[in-house]
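Visitor: I have a chain on my screen and would like to go through it step by step. Could you take my questions in turn?

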Amino acid sequence: MATLASSSSSSVLFSSPHSNLSPPSLSPSRLSFSSSSHISTTLSSSLSVSHSFVTYPTTSRRFSPCSFSVKAIAADKKKVLIVNTNSGGHAVIGFYFAKELLGSGHEVTILTVGEESSDKMKKTPFTRFSEIVGAGGKTVWGEPAEIAKVLEGSAFDVVLDNNGKDLDAVKPVADWAKSSGVKQFLFISSAGIYKPTDEPPHVEGDVVKADAGHVAVEKYIAEVFSSWASFRPQYMIGSGNNKDCEEWFFDRIVRDRPVPIPGSGMQLTVISHVRDLSSMLTLAVEKPDAASGNIFNCVSDRAVTLDGLAKLCAQAAGRPVSIVHYEPKAAGVDAKKAFPFRNMHFYAEPRAAKDILGWKSTTNLSEDLKERFEEYLKIGRDKKAIKFDLDDKILESLKVPVAV
């Protein structure tokens, strides 16, 4: 197999096993470097050539088109700023993204909203920020509206806003980034802005809610930046997440309580490991030209039913599960308060990321839930006193007994 090795931009070496063929030629119109900088200076950390890039002289013999590969050692390293929310499920995205970027050799500063001394910083993933510092990253705190003051004297190539949900929150960051010469602006939006559809799953380009705050942000950054991208996540799991998802099921399973699920339990949703989200974001940083001007569903590529999620959580815990179904109105409860997921089909597909960035999902729910259950036990949540008032109301309406 032929390989390309380069320790600097000035030396490129091709080698190949002995062949009767002349060396393959690369079509310049089909070979692209995923970097916004000059190729003479650096090469992207991920350069590949597939068989469609390779042309051979005319011959009567037939050869395998998969006998050529290219590897680039030199990389275009970026200075990246992550403006990170201080609460909710999205906080863990910035944490994983920072670690992945640092592992790829990029420089990272993570600006968390608020004060370092606040009680919010006593929760994960903030209690694990030492991992970012230990890997060479920087952590600072402050308000987005005062970003120029907080980061005075700093310069960045890329900014990710993983905080704002509307234009009022994001505009100060975007305007500062534009005036500071930032080359690429990324935004964490939400798949929740899609309008319900009779033809799931949601794909990029589907109709969105015009009054959603994230929509206004996406429109604004598209007008302001020549290089931008927006990412729409759904539900996520992963070490360091501080928003209940799988924990809601574990709480009931380990206490031998029925798991009340609204509707039929066959509603489809998507649960993604946060490493999938961070890997997609990292590809956008390393392939800015490809990512530019695009919206990406930031999700894994397999859906799961609500009943299926309960069963997978039970398997991870090594316990049986008793699932009961109910109609919220008949039970006299608000499903949004009684259950952590939407009571409807709600799932998207990551088509754009696969087609444009060459991204691949690594989420494996059955295995990832085992990791989460180990952490669940480690923090002693299985022993904590938890109130199940809404559950009891639902179960009473169904006349389902609960072991005391």
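Visitor: In which helix is the place of phenylalanine 250?
Guide: This is a predicted model, and everything said here is computed from it. Among the H6 residues that meet H13 are Glu246, Glu247, Phe250 and Asp251. The place of phenylalanine 250 is in helix H6.

Visitor: Does phenylalanine 250 count as buried or exposed?
Guide: Phenylalanine 250 touches Cys313, Ala316, Leu369, Arg372, Phe373 and Tyr376, leaving aside residues up to four places away in sequence. A residue counts as buried when its relative accessible area is under 20%. The value for phenylalanine 250 is 0%, so this residue counts as buried.

Visitor: At roughly what angle do the axes of helix H6 and helix H13 cross?
Guide: Two packed helices are described by the distance between their axes and the angle between them. Here H6 covers residues 246-253 and H13 covers residues 365-378, and their axes come within 11 Å. The crossing is right-handed. The angle is roughly 65°.

Visitor: How many nonpolar, polar and charged residues are in the contact of H6 with H13?
Guide: From H6 come Glu246, Glu247, Phe250 and Asp251, and from H13 come Leu369, Arg372, Phe373 and Tyr376. Sorted by class, the contact has 4 nonpolar, no polar and 4 charged residues.

Visitor: Which strands stand at the edges of the open sheet of 7 strands?
Guide: The order in this sheet is S7-S6-S5-S8-S9-S10-S15, with parallel pairing. An edge strand has a single partner strand, so one side of it is left without a neighbour in the sheet. The strands in that position are S7 (138-142) and S15 (294-298).

Visitor: Which residue in S6 is the bridge partner of valine 83?
Guide: Strand S5 spans residues 79-84 and strand S6 spans residues 107-113. The two pair in the parallel sense over 6 bridges. In S6, the partner of valine 83 is leucine 111.

Visitor: What angle does the direction of helix H1 make with that of S5?
Guide: Helix H1, residues 91-103, packs on the sheet. The strands touched by H1 are S5, S6, S8, S9 and S10. Its direction and that of S5 make an angle of about 165°.

Visitor: How many residues of S10 are buried?
Guide: Trp228, Ser230 and Arg232 point one way from S10, while Ala229, Phe231 and Pro233 point the other way. All of these residues are buried. S10 is therefore largely enclosed by the rest of the structure, the count being 6 of the 6 residues.

Visitor: Which residue in S10 is the bridge partner of leucine 186?
Guide: S9 and S10 run parallel and are joined by 4 bridges. The partner of leucine 186 in S10 is alanine 229.

Visitor: What separation is there between the C-alpha atoms of methionine 280 and tryptophan 359?
Guide: Methionine 280 lies in helix H7, residues 274-286. With residues up to four places away in sequence not counted, the residues it touches include Phe231, Phe296, Pro350 and Trp359. Methionine 280 and tryptophan 359 are 79 residues apart along the chain, and their C-alpha atoms are separated by 6.4 Å.

Visitor: What share of the residues of the chain count as buried?
Guide: Methionine 280, at 1% relative accessibility, counts as buried. The chain as a whole has 14 helices and 17 strands. Of its 404 residues, the share that count as buried is 49%.

Conventions. Residues numbered from 1 in each chain as written. Predicted model: local features only at pLDDT ≥ 70, side-chain atom pairs only at ≥ 80, totals over all residues. Heavy atoms only, no water. Buried < 20%, exposed > 50% of the residue type's maximum accessible area, 1.4 Å probe, protein only. Axes fitted to C-alpha atoms, helices over the stretch in contact; angles between N-to-C directions. Left-handed = near helix turned anticlockwise from the far one by under 90°. Contact = heavy atoms within 4.5 Å. Nonpolar A, V, L, I, M, F, W, Y, C, P; charged D, E, K, R; others polar. Pairing = 2+ DSSP bridges.
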